[in-house]
Amino acid sequence: MNETLLRELIPVVTGVLVRRGADFATAEDAVQEALIQALATWPKSPPADPKGWLITVAWRKFLDATRAESSRHAREARVAAEPPPGPADDTADALQLYFLCAHPSLTPASAVALTLRAVGGLTTRQIAEAYLVPEATMAQRISRAKRTVSGVRFEEPGDLATVLRVLYLVFNEGYSGEVDLAHEAIRLTRQVMSMTDDEEASGLLALMLLHHARRVARTTPDGALVPLAAQDRSRWDVELIAEGVAILQAGLARDRLGEYQAQAAIAALHADARTADETDWVQIVEWYDELDRLTDNPVVRLNRAVAVGEADGAQAGLAALEQVDPAVPRRTAVEAYLRERAGDPALAARLYADAARAATNLAERDHLTRQAARLHDALRD
Amino acid sequence: MAKYLLLKHYRGGPAPLVDIEPIDRWAPAEIDAHVQYMNDFAARLEGTGEFVDGQALSPDGTFVRYDGEGRPPVTDGPFAETKDLIAGWMVIDVETYERAVELAGELSAAPGPDGKPIYEWLEVRPFLTAAPTVTE
(Lines give C-alpha, C1' and ligand atoms only; values in the text may rest on other atoms or scores of the structure.)
Protein backbone atom coordinates (compact mmCIF):
# COMPACT_ATOMS: atom_id res chain seq x y z
CA MET A 1 0.00 0.00 0.00
CA ASN A 2 1.48 3.35 -0.92
CA GLU A 3 1.51 6.40 1.30
CA THR A 4 -1.28 8.17 -0.60
CA LEU A 5 -3.65 5.25 -0.10
CA LEU A 6 -2.62 5.08 3.53
CA ARG A 7 -3.43 8.75 4.00
CA GLU A 8 -6.86 8.24 2.43
CA LEU A 9 -7.70 6.30 5.58
CA ILE A 10 -6.75 9.09 8.00
CA PRO A 11 -10.10 10.91 8.18
CA VAL A 12 -11.95 7.60 8.30
CA VAL A 13 -9.90 6.30 11.23
CA THR A 14 -10.02 9.58 13.15
CA GLY A 15 -13.75 9.75 12.52
CA VAL A 16 -14.21 6.25 13.97
CA LEU A 17 -12.24 7.16 17.10
CA VAL A 18 -14.24 10.32 17.67
CA ARG A 19 -17.46 8.42 17.06
CA ARG A 20 -16.38 5.97 19.77
CA GLY A 21 -16.11 8.86 22.20
CA ALA A 22 -12.49 9.99 21.87
CA ASP A 23 -11.96 13.74 22.02
CA PHE A 24 -10.87 15.11 18.65
CA ALA A 25 -7.50 16.55 19.70
CA THR A 26 -6.27 13.36 21.39
CA ALA A 27 -7.74 11.14 18.67
CA GLU A 28 -5.96 13.15 16.00
CA ASP A 29 -2.61 12.81 17.78
CA ALA A 30 -3.22 9.08 18.25
CA VAL A 31 -3.93 8.60 14.54
CA GLN A 32 -0.76 10.49 13.62
CA GLU A 33 1.23 8.15 15.85
CA ALA A 34 -0.45 5.12 14.31
CA LEU A 35 0.35 6.52 10.87
CA ILE A 36 4.04 6.86 11.75
CA GLN A 37 4.04 3.26 13.03
CA ALA A 38 2.31 2.08 9.86
CA LEU A 39 4.90 3.79 7.65
CA ALA A 40 7.65 2.09 9.62
CA THR A 41 6.25 -1.44 9.80
CA TRP A 42 3.96 -1.98 6.81
CA PRO A 43 6.67 -2.20 4.14
CA LYS A 44 7.98 -5.37 5.86
CA SER A 45 4.74 -6.81 7.15
CA PRO A 46 1.69 -5.36 5.42
CA PRO A 47 -1.54 -6.02 7.33
CA ALA A 48 -4.38 -7.94 5.71
CA ASP A 49 -6.86 -5.26 6.76
CA PRO A 50 -5.09 -1.85 6.72
CA LYS A 51 -8.08 0.09 8.03
CA GLY A 52 -8.75 -2.37 10.85
CA TRP A 53 -5.06 -2.30 11.76
CA LEU A 54 -5.02 1.51 11.89
CA ILE A 55 -8.19 1.70 13.97
CA THR A 56 -6.87 -0.86 16.47
CA VAL A 57 -3.44 0.76 16.82
CA ALA A 58 -4.80 4.31 16.94
CA TRP A 59 -7.41 3.34 19.54
CA ARG A 60 -4.71 1.72 21.68
CA LYS A 61 -2.57 4.86 21.42
CA PHE A 62 -5.58 6.97 22.33
CA LEU A 63 -6.20 4.87 25.43
CA ASP A 64 -2.49 5.10 26.39
CA ALA A 65 -2.59 8.87 26.06
CA THR A 66 -5.82 9.10 28.00
CA ARG A 67 -4.54 6.90 30.83
CA ALA A 68 -1.42 9.02 31.07
CA GLU A 69 -3.44 12.07 31.89
CA SER A 70 -4.60 13.00 35.35
CA SER A 71 -8.25 13.08 34.40
CA ARG A 72 -8.15 9.47 33.31
CA HIS A 73 -11.01 8.30 35.50
CA ALA A 74 -13.39 10.94 34.27
CA ARG A 75 -12.43 10.34 30.67
CA GLU A 76 -12.60 6.58 30.91
CA ALA A 77 -15.96 6.83 32.56
CA ARG A 78 -17.17 9.07 29.79
CA VAL A 79 -15.81 6.84 27.05
CA ALA A 80 -17.31 3.80 28.72
CA ALA A 81 -20.65 5.56 28.99
CA GLU A 82 -20.79 6.43 25.31
CA PRO A 83 -23.49 4.51 23.50
CA PRO A 84 -22.08 1.70 21.40
CA PRO A 85 -21.38 2.87 17.88
CA GLY A 86 -24.32 2.50 15.56
CA PRO A 87 -24.04 0.85 12.18
CA ALA A 88 -20.56 1.69 10.92
CA ASP A 89 -20.72 4.53 8.44
CA ASP A 90 -17.11 5.39 7.75
CA THR A 91 -17.98 7.86 5.04
CA ALA A 92 -20.24 9.88 7.31
CA ASP A 93 -17.55 9.93 10.02
CA ALA A 94 -14.85 11.03 7.61
CA LEU A 95 -17.07 13.76 6.21
CA GLN A 96 -17.85 15.01 9.72
CA LEU A 97 -14.12 15.33 10.23
CA TYR A 98 -13.84 17.55 7.15
CA PHE A 99 -16.66 19.72 8.53
CA LEU A 100 -14.95 19.96 11.90
CA CYS A 101 -11.59 20.99 10.37
CA ALA A 102 -13.29 23.71 8.29
CA HIS A 103 -15.57 24.85 11.11
CA PRO A 104 -16.73 28.47 10.69
CA SER A 105 -15.27 29.37 14.11
CA LEU A 106 -11.76 28.87 12.66
CA THR A 107 -9.83 31.49 10.71
CA PRO A 108 -9.09 30.43 7.12
CA ALA A 109 -5.40 29.80 7.89
CA SER A 110 -6.25 27.69 10.95
CA ALA A 111 -8.78 25.68 8.98
CA VAL A 112 -6.22 25.08 6.25
CA ALA A 113 -3.58 23.89 8.72
CA LEU A 114 -5.99 21.66 10.62
CA THR A 115 -7.41 20.15 7.43
CA LEU A 116 -3.96 19.33 6.04
CA ARG A 117 -3.01 17.61 9.28
CA ALA A 118 -6.18 15.91 10.49
CA VAL A 119 -7.67 14.85 7.18
CA GLY A 120 -4.62 15.15 4.92
CA GLY A 121 -2.34 13.26 7.31
CA LEU A 122 0.57 15.64 6.68
CA THR A 123 3.03 16.16 9.50
CA THR A 124 3.27 19.52 11.24
CA ARG A 125 6.78 19.92 9.80
CA GLN A 126 5.53 19.40 6.24
CA ILE A 127 2.75 21.95 6.72
CA ALA A 128 5.17 24.44 8.29
CA GLU A 129 7.55 24.07 5.35
CA ALA A 130 4.75 24.49 2.86
CA TYR A 131 3.69 27.80 4.43
CA LEU A 132 7.22 29.00 5.24
CA VAL A 133 6.86 29.32 8.99
CA PRO A 134 8.79 27.59 11.81
CA GLU A 135 7.51 24.20 12.90
CA ALA A 136 6.88 25.49 16.46
CA THR A 137 4.63 28.25 15.10
CA MET A 138 2.65 25.81 12.95
CA ALA A 139 2.34 23.39 15.90
CA GLN A 140 0.78 26.18 17.94
CA ARG A 141 -1.53 27.19 15.11
CA ILE A 142 -2.78 23.62 14.87
CA SER A 143 -3.21 23.09 18.59
CA ARG A 144 -5.09 26.40 18.93
CA ALA A 145 -7.34 25.33 16.08
CA LYS A 146 -8.01 22.04 17.86
CA ARG A 147 -8.90 23.94 21.05
CA THR A 148 -11.22 26.22 19.10
CA VAL A 149 -13.27 23.30 17.81
CA SER A 150 -13.00 21.22 20.99
CA GLY A 151 -16.50 22.22 22.06
CA VAL A 152 -18.13 21.45 18.72
CA ARG A 153 -20.40 18.43 18.77
CA PHE A 154 -19.07 15.90 16.28
CA GLU A 155 -22.55 15.22 14.88
CA GLU A 156 -23.24 18.93 14.33
CA PRO A 157 -24.51 19.44 10.78
CA GLY A 158 -21.64 20.78 8.70
CA ASP A 159 -21.47 23.24 5.85
CA LEU A 160 -19.90 21.76 2.73
CA ALA A 161 -19.25 25.28 1.37
CA THR A 162 -16.69 25.95 4.13
CA VAL A 163 -14.89 22.68 3.34
CA LEU A 164 -14.71 23.53 -0.36
CA ARG A 165 -13.45 27.03 0.48
CA VAL A 166 -10.59 25.58 2.54
CA LEU A 167 -9.63 23.14 -0.22
CA TYR A 168 -9.73 25.97 -2.76
CA LEU A 169 -7.31 27.96 -0.57
CA VAL A 170 -4.95 24.99 -0.29
CA PHE A 171 -4.94 24.69 -4.08
CA ASN A 172 -4.76 28.36 -4.96
CA GLU A 173 -2.27 29.59 -2.39
CA GLY A 174 0.04 26.63 -2.32
CA TYR A 175 3.71 27.34 -1.97
CA SER A 176 6.51 25.05 -2.92
CA GLY A 177 7.92 22.58 -0.45
CA GLU A 178 8.44 18.90 0.04
CA VAL A 179 4.68 18.38 -0.29
CA ASP A 180 2.86 19.39 -3.45
CA LEU A 181 -0.15 21.25 -2.05
CA ALA A 182 -1.91 21.37 -5.42
CA HIS A 183 -1.81 17.56 -5.60
CA GLU A 184 -2.92 17.37 -2.00
CA ALA A 185 -5.87 19.71 -2.61
CA ILE A 186 -6.91 17.64 -5.63
CA ARG A 187 -6.65 14.40 -3.65
CA LEU A 188 -8.78 15.74 -0.80
CA THR A 189 -11.35 17.29 -3.13
CA ARG A 190 -11.67 13.93 -4.92
CA GLN A 191 -12.36 12.33 -1.56
CA VAL A 192 -14.98 14.95 -0.63
CA MET A 193 -16.65 14.56 -4.02
CA SER A 194 -16.84 10.79 -3.64
CA MET A 195 -18.36 11.19 -0.16
CA THR A 196 -20.94 13.84 -1.02
CA ASP A 197 -21.93 13.50 -4.66
CA ASP A 198 -22.29 17.29 -4.59
CA GLU A 199 -22.27 19.38 -7.80
CA GLU A 200 -20.10 22.12 -6.32
CA ALA A 201 -17.58 19.59 -4.98
CA SER A 202 -17.29 18.18 -8.49
CA GLY A 203 -17.18 21.74 -9.87
CA LEU A 204 -14.24 22.53 -7.59
CA LEU A 205 -12.45 19.34 -8.59
CA ALA A 206 -12.96 20.18 -12.27
CA LEU A 207 -11.67 23.70 -11.67
CA MET A 208 -8.53 22.35 -9.98
CA LEU A 209 -7.86 19.78 -12.70
CA LEU A 210 -8.31 22.30 -15.50
CA HIS A 211 -5.90 24.76 -13.90
CA HIS A 212 -3.48 22.05 -12.86
CA ALA A 213 -3.37 20.92 -16.49
CA ARG A 214 -1.69 24.22 -17.40
CA ARG A 215 0.82 24.16 -14.59
CA VAL A 216 4.02 23.51 -16.55
CA ALA A 217 3.04 26.12 -19.16
CA ARG A 218 2.29 28.83 -16.57
CA THR A 219 5.91 29.70 -15.78
CA THR A 220 9.23 29.82 -17.58
CA PRO A 221 12.04 27.61 -16.23
CA ASP A 222 13.32 30.63 -14.25
CA GLY A 223 9.94 31.26 -12.64
CA ALA A 224 8.55 34.15 -14.72
CA LEU A 225 4.77 34.14 -15.29
CA VAL A 226 3.52 33.27 -18.77
CA PRO A 227 0.09 34.84 -19.38
CA LEU A 228 -2.64 32.56 -20.66
CA ALA A 229 -2.56 34.01 -24.19
CA ALA A 230 1.19 33.38 -24.51
CA GLN A 231 1.26 29.86 -23.07
CA ASP A 232 2.47 26.95 -25.19
CA ARG A 233 -0.80 25.04 -25.32
CA SER A 234 0.88 21.88 -26.54
CA ARG A 235 2.30 21.59 -23.02
CA TRP A 236 -1.14 21.52 -21.38
CA ASP A 237 -2.00 18.13 -19.91
CA VAL A 238 -4.75 16.80 -22.16
CA GLU A 239 -5.63 13.94 -19.83
CA LEU A 240 -6.29 16.28 -16.92
CA ILE A 241 -8.32 18.55 -19.20
CA ALA A 242 -10.42 15.63 -20.45
CA GLU A 243 -11.05 14.47 -16.92
CA GLY A 244 -11.90 17.99 -15.71
CA VAL A 245 -14.30 18.58 -18.60
CA ALA A 246 -16.03 15.23 -18.08
CA ILE A 247 -16.52 15.89 -14.36
CA LEU A 248 -17.76 19.40 -15.06
CA GLN A 249 -20.26 18.27 -17.70
CA ALA A 250 -21.67 15.56 -15.46
CA GLY A 251 -22.20 18.18 -12.76
CA LEU A 252 -23.67 20.83 -15.06
CA ALA A 253 -26.14 18.29 -16.45
CA ARG A 254 -27.75 18.18 -13.02
CA ASP A 255 -28.62 21.85 -13.31
CA ARG A 256 -27.58 23.03 -9.86
CA LEU A 257 -25.12 25.73 -10.78
CA GLY A 258 -22.68 27.20 -8.25
CA GLU A 259 -19.59 29.39 -8.33
CA TYR A 260 -17.03 26.59 -8.70
CA GLN A 261 -18.89 25.07 -11.62
CA ALA A 262 -19.08 28.49 -13.29
CA GLN A 263 -15.36 29.10 -12.74
CA ALA A 264 -14.58 25.62 -14.06
CA ALA A 265 -16.73 26.33 -17.12
CA ILE A 266 -14.58 29.38 -17.87
CA ALA A 267 -11.40 27.33 -17.44
CA ALA A 268 -12.89 24.65 -19.72
CA LEU A 269 -13.58 27.20 -22.47
CA HIS A 270 -9.94 28.29 -22.32
CA ALA A 271 -8.84 24.66 -22.39
CA ASP A 272 -11.04 24.10 -25.43
CA ALA A 273 -9.28 26.74 -27.56
CA ARG A 274 -6.34 25.35 -29.53
CA THR A 275 -4.93 28.86 -29.86
CA ALA A 276 -5.63 32.00 -27.82
CA ASP A 277 -7.33 33.53 -30.90
CA GLU A 278 -9.88 30.71 -31.01
CA THR A 279 -11.10 31.44 -27.47
CA ASP A 280 -14.88 31.75 -27.26
CA TRP A 281 -14.89 35.04 -25.35
CA VAL A 282 -18.60 35.66 -25.89
CA GLN A 283 -19.44 32.49 -23.97
CA ILE A 284 -16.85 33.34 -21.34
CA VAL A 285 -18.55 36.72 -20.76
CA GLU A 286 -21.85 34.87 -20.30
CA TRP A 287 -20.26 32.66 -17.65
CA TYR A 288 -18.87 35.71 -15.87
CA ASP A 289 -22.41 37.11 -15.83
CA GLU A 290 -23.55 33.89 -14.15
CA LEU A 291 -20.65 34.06 -11.73
CA ASP A 292 -21.43 37.69 -10.91
CA ARG A 293 -25.02 36.71 -10.17
CA LEU A 294 -23.84 33.87 -7.91
CA THR A 295 -21.10 35.63 -5.95
CA ASP A 296 -21.36 39.44 -6.01
CA ASN A 297 -17.54 39.51 -6.02
CA PRO A 298 -15.70 42.59 -7.38
CA VAL A 299 -12.85 40.38 -8.65
CA VAL A 300 -15.38 38.61 -10.87
CA ARG A 301 -16.46 41.96 -12.34
CA LEU A 302 -12.79 42.79 -12.95
CA ASN A 303 -12.17 39.53 -14.81
CA ARG A 304 -15.42 40.03 -16.67
CA ALA A 305 -14.10 43.39 -17.95
CA VAL A 306 -11.09 41.56 -19.40
CA ALA A 307 -13.39 39.09 -21.16
CA VAL A 308 -15.63 41.90 -22.47
CA GLY A 309 -12.50 43.59 -23.83
CA GLU A 310 -11.67 40.44 -25.78
CA ALA A 311 -15.22 39.77 -26.94
CA ASP A 312 -16.33 43.31 -27.87
CA GLY A 313 -13.15 45.35 -28.10
CA ALA A 314 -11.02 47.41 -25.75
CA GLN A 315 -13.48 50.33 -25.49
CA ALA A 316 -16.24 48.00 -24.32
CA GLY A 317 -13.79 46.47 -21.84
CA LEU A 318 -12.92 49.92 -20.47
CA ALA A 319 -16.63 50.72 -20.13
CA ALA A 320 -17.10 47.48 -18.16
CA LEU A 321 -14.08 48.39 -16.05
CA GLU A 322 -15.77 51.61 -14.96
CA GLN A 323 -18.22 49.46 -12.97
CA VAL A 324 -15.34 47.97 -10.95
CA ASP A 325 -14.36 49.46 -7.60
CA PRO A 326 -10.98 51.25 -8.00
CA ALA A 327 -9.74 49.58 -4.81
CA VAL A 328 -9.93 46.07 -6.31
CA PRO A 329 -6.42 44.60 -6.56
CA ARG A 330 -5.11 44.18 -10.14
CA ARG A 331 -7.62 46.70 -11.53
CA THR A 332 -4.79 48.98 -12.66
CA ALA A 333 -3.09 46.07 -14.42
CA VAL A 334 -6.31 45.30 -16.30
CA GLU A 335 -6.73 48.95 -17.27
CA ALA A 336 -3.13 49.04 -18.54
CA TYR A 337 -3.84 46.01 -20.76
CA LEU A 338 -7.05 47.53 -22.14
CA ARG A 339 -5.46 50.98 -22.70
CA GLU A 340 -2.71 49.40 -24.78
CA ARG A 341 -5.26 47.57 -26.89
CA ALA A 342 -7.24 50.79 -27.23
CA GLY A 343 -4.16 52.42 -28.76
CA ASP A 344 -2.76 54.45 -25.87
CA PRO A 345 0.67 52.92 -25.15
CA ALA A 346 1.95 55.91 -23.14
CA LEU A 347 -0.91 55.72 -20.65
CA ALA A 348 -0.67 51.92 -20.65
CA ALA A 349 3.04 52.08 -19.78
CA ARG A 350 2.38 54.42 -16.87
CA LEU A 351 -0.47 52.22 -15.61
CA TYR A 352 1.66 49.06 -15.89
CA ALA A 353 4.36 50.73 -13.79
CA ASP A 354 1.74 51.78 -11.20
CA ALA A 355 0.31 48.26 -11.18
CA ALA A 356 3.78 46.76 -10.68
CA ARG A 357 4.35 48.94 -7.61
CA ALA A 358 1.00 47.81 -6.15
CA ALA A 359 1.46 44.10 -6.96
CA THR A 360 1.33 41.79 -3.96
CA ASN A 361 3.21 38.89 -5.48
CA LEU A 362 6.67 38.76 -6.94
CA ALA A 363 5.98 36.96 -10.22
CA GLU A 364 3.16 39.36 -11.07
CA ARG A 365 5.23 42.41 -10.18
CA ASP A 366 8.04 41.24 -12.45
CA HIS A 367 5.58 40.50 -15.24
CA LEU A 368 4.00 43.96 -14.99
CA THR A 369 7.41 45.63 -14.82
CA ARG A 370 8.40 43.86 -18.05
CA GLN A 371 5.17 45.05 -19.70
CA ALA A 372 5.93 48.65 -18.72
CA ALA A 373 9.51 48.28 -19.95
CA ARG A 374 8.36 46.79 -23.26
CA LEU A 375 6.04 49.76 -23.90
CA HIS A 376 8.62 52.34 -22.81
CA ASP A 377 11.11 50.70 -25.14
CA ALA A 378 8.66 50.82 -28.07
CA LEU A 379 7.76 54.45 -27.33
CA ARG A 380 11.44 55.47 -27.60
CA ASP A 381 11.70 54.21 -31.20
CA MET B 1 -2.16 34.63 5.99
CA ALA B 2 0.32 37.26 4.97
CA LYS B 3 3.84 37.86 6.14
CA TYR B 4 5.06 41.26 7.30
CA LEU B 5 8.46 42.56 8.25
CA LEU B 6 8.52 44.76 11.35
CA LEU B 7 11.63 46.82 10.88
CA LYS B 8 13.22 48.41 13.90
CA HIS B 9 15.12 51.56 13.00
CA TYR B 10 17.40 53.13 15.58
CA ARG B 11 17.57 56.13 13.30
CA GLY B 12 15.87 57.06 10.06
CA GLY B 13 12.16 56.91 10.87
CA PRO B 14 9.80 59.84 11.52
CA ALA B 15 10.72 62.20 14.37
CA PRO B 16 10.59 60.33 17.67
CA LEU B 17 7.73 61.13 20.05
CA VAL B 18 9.98 61.17 23.10
CA ASP B 19 13.72 61.69 23.33
CA ILE B 20 15.28 58.51 24.66
CA GLU B 21 18.89 58.17 25.70
CA PRO B 22 20.96 55.61 23.80
CA ILE B 23 20.45 52.16 25.31
CA ASP B 24 24.05 51.99 26.52
CA ARG B 25 23.22 54.71 29.05
CA TRP B 26 20.24 52.85 30.51
CA ALA B 27 20.43 51.09 33.86
CA PRO B 28 21.24 47.38 33.46
CA ALA B 29 17.85 46.41 34.90
CA GLU B 30 16.14 48.65 32.30
CA ILE B 31 18.04 46.90 29.52
CA ASP B 32 17.06 43.52 30.99
CA ALA B 33 13.41 44.56 31.08
CA HIS B 34 13.57 45.77 27.47
CA VAL B 35 15.15 42.53 26.22
CA GLN B 36 12.70 40.49 28.27
CA TYR B 37 9.79 42.35 26.69
CA MET B 38 11.07 41.50 23.20
CA ASN B 39 11.55 37.83 24.12
CA ASP B 40 8.13 37.60 25.72
CA PHE B 41 6.56 39.23 22.69
CA ALA B 42 8.19 36.70 20.34
CA ALA B 43 7.18 33.80 22.60
CA ARG B 44 3.60 35.05 22.73
CA LEU B 45 3.45 35.24 18.92
CA GLU B 46 4.82 31.73 18.65
CA GLY B 47 1.94 30.72 20.92
CA THR B 48 -0.61 32.38 18.67
CA GLY B 49 0.95 30.77 15.59
CA GLU B 50 2.07 34.11 14.13
CA PHE B 51 5.84 34.17 14.69
CA VAL B 52 8.23 33.56 11.81
CA ASP B 53 11.60 35.07 12.66
CA GLY B 54 13.31 37.78 14.66
CA GLN B 55 16.91 38.93 14.55
CA ALA B 56 18.98 41.75 15.99
CA LEU B 57 21.72 43.38 13.93
CA SER B 58 25.08 44.75 14.96
CA PRO B 59 25.35 48.45 14.05
CA ASP B 60 28.72 47.84 12.37
CA GLY B 61 27.54 47.69 8.78
CA THR B 62 29.93 47.73 5.85
CA PHE B 63 28.93 48.83 2.36
CA VAL B 64 30.24 46.54 -0.37
CA ARG B 65 30.07 46.74 -4.14
CA TYR B 66 31.43 45.04 -7.26
CA ASP B 67 34.38 46.89 -8.75
CA GLY B 68 34.80 45.29 -12.16
CA GLU B 69 36.16 42.06 -13.62
CA GLY B 70 39.09 40.55 -11.73
CA ARG B 71 39.10 43.20 -9.00
CA PRO B 72 38.25 42.65 -5.34
CA PRO B 73 35.00 44.18 -4.09
CA VAL B 74 35.20 47.73 -2.80
CA THR B 75 34.16 48.31 0.80
CA ASP B 76 33.17 51.46 2.60
CA GLY B 77 32.25 52.22 6.18
CA PRO B 78 31.25 51.43 8.82
CA PHE B 79 29.92 54.93 9.37
CA ALA B 80 29.49 56.21 12.90
CA GLU B 81 26.53 58.45 12.06
CA THR B 82 24.55 56.93 9.19
CA LYS B 83 21.16 58.48 8.69
CA ASP B 84 19.31 55.19 8.67
CA LEU B 85 20.38 52.56 11.15
CA ILE B 86 18.41 49.32 11.30
CA ALA B 87 18.68 47.58 14.63
CA GLY B 88 16.76 44.42 13.89
CA TRP B 89 13.58 42.93 12.60
CA MET B 90 10.75 40.58 13.29
CA VAL B 91 8.79 38.65 10.67
CA ILE B 92 5.18 37.80 11.47
CA ASP B 93 2.55 35.76 9.59
CA VAL B 94 -0.90 37.19 10.30
CA GLU B 95 -4.46 37.07 9.05
CA THR B 96 -4.81 40.79 8.19
CA TYR B 97 -2.90 44.03 7.72
CA GLU B 98 -4.78 45.42 10.73
CA ARG B 99 -3.37 42.62 12.88
CA ALA B 100 0.16 43.45 11.68
CA VAL B 101 -0.33 47.09 12.68
CA GLU B 102 -1.79 46.07 16.04
CA LEU B 103 1.25 43.88 16.79
CA ALA B 104 3.74 46.52 15.65
CA GLY B 105 2.01 48.95 18.02
CA GLU B 106 2.49 46.52 20.89
CA LEU B 107 6.14 45.91 20.05
CA SER B 108 6.72 49.66 19.94
CA ALA B 109 5.59 49.89 23.56
CA ALA B 110 8.73 48.06 24.77
CA PRO B 111 9.96 49.62 28.02
CA GLY B 112 12.93 51.99 28.22
CA PRO B 113 14.28 54.20 31.02
CA ASP B 114 12.11 54.11 34.17
CA GLY B 115 10.14 51.28 32.61
CA LYS B 116 8.21 53.70 30.37
CA PRO B 117 7.33 52.80 26.79
CA ILE B 118 9.88 54.08 24.26
CA TYR B 119 7.23 54.85 21.59
CA GLU B 120 9.68 53.86 18.86
CA TRP B 121 8.58 53.93 15.22
CA LEU B 122 8.47 50.52 13.58
CA GLU B 123 8.20 50.16 9.83
CA VAL B 124 5.65 47.56 8.65
CA ARG B 125 6.45 46.09 5.22
CA PRO B 126 4.36 43.37 3.52
CA PHE B 127 6.19 40.46 1.88
CA LEU B 128 5.46 39.81 -1.76
CA THR B 129 3.74 36.43 -1.96
CA ALA B 130 3.77 33.53 -4.36
CA ALA B 131 1.45 33.94 -7.34
CA PRO B 132 -2.04 32.44 -6.95
CA THR B 133 -2.91 29.61 -9.34
CA VAL B 134 -6.39 30.75 -10.37
CA THR B 135 -6.34 34.25 -11.83
CA GLU B 136 -9.01 34.38 -14.47
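Mentor: Two residues are in contact if their C-beta atoms, placed from the backbone, lie within 7 Å. This is a predicted model, in which local features need pLDDT of at least 70, side-chain atom pairs count only at pLDDT 80 or more, and totals for chains, interfaces and linings use all residues. Residues are numbered from 1 along each chain as its sequence is written, with chains lettered from A and ligands numbered from 1 in the order in which they are written.

Trainee: In chain B, what share of the contacts with a separation of 6 or more comes from residues 24 or more positions apart?

Mentor: The count takes contacts in chain B with a separation of 6 or more. Residues 24 or more positions apart account for 73%.

Trainee: Why is chain B described as more spread out than a compact globule?

Mentor: Chain B has 2 helices and 6 strands, where helices (H or I, at least four residues) and strands (E, at least two) are DSSP runs numbered from the N terminus. The globule rule, 2.2 Å times the number of residues to the power 0.38, is set against a radius of gyration taken over C-alpha atoms. For 136 residues the rule gives 14 Å, and chain B is well over that, so the reason is its radius of gyration of 18 Å.

Trainee: Which helix of chain A gives the most to the side that touches chain B?

Mentor: The contact takes 26 residues from chain A and 17 residues from chain B. On the chain A side, helix 9 (135-148), helix 10 (160-172) and helix 21 (362-380) give two or more residues. With 6 residues, the one that gives the most is helix 9 of chain A.
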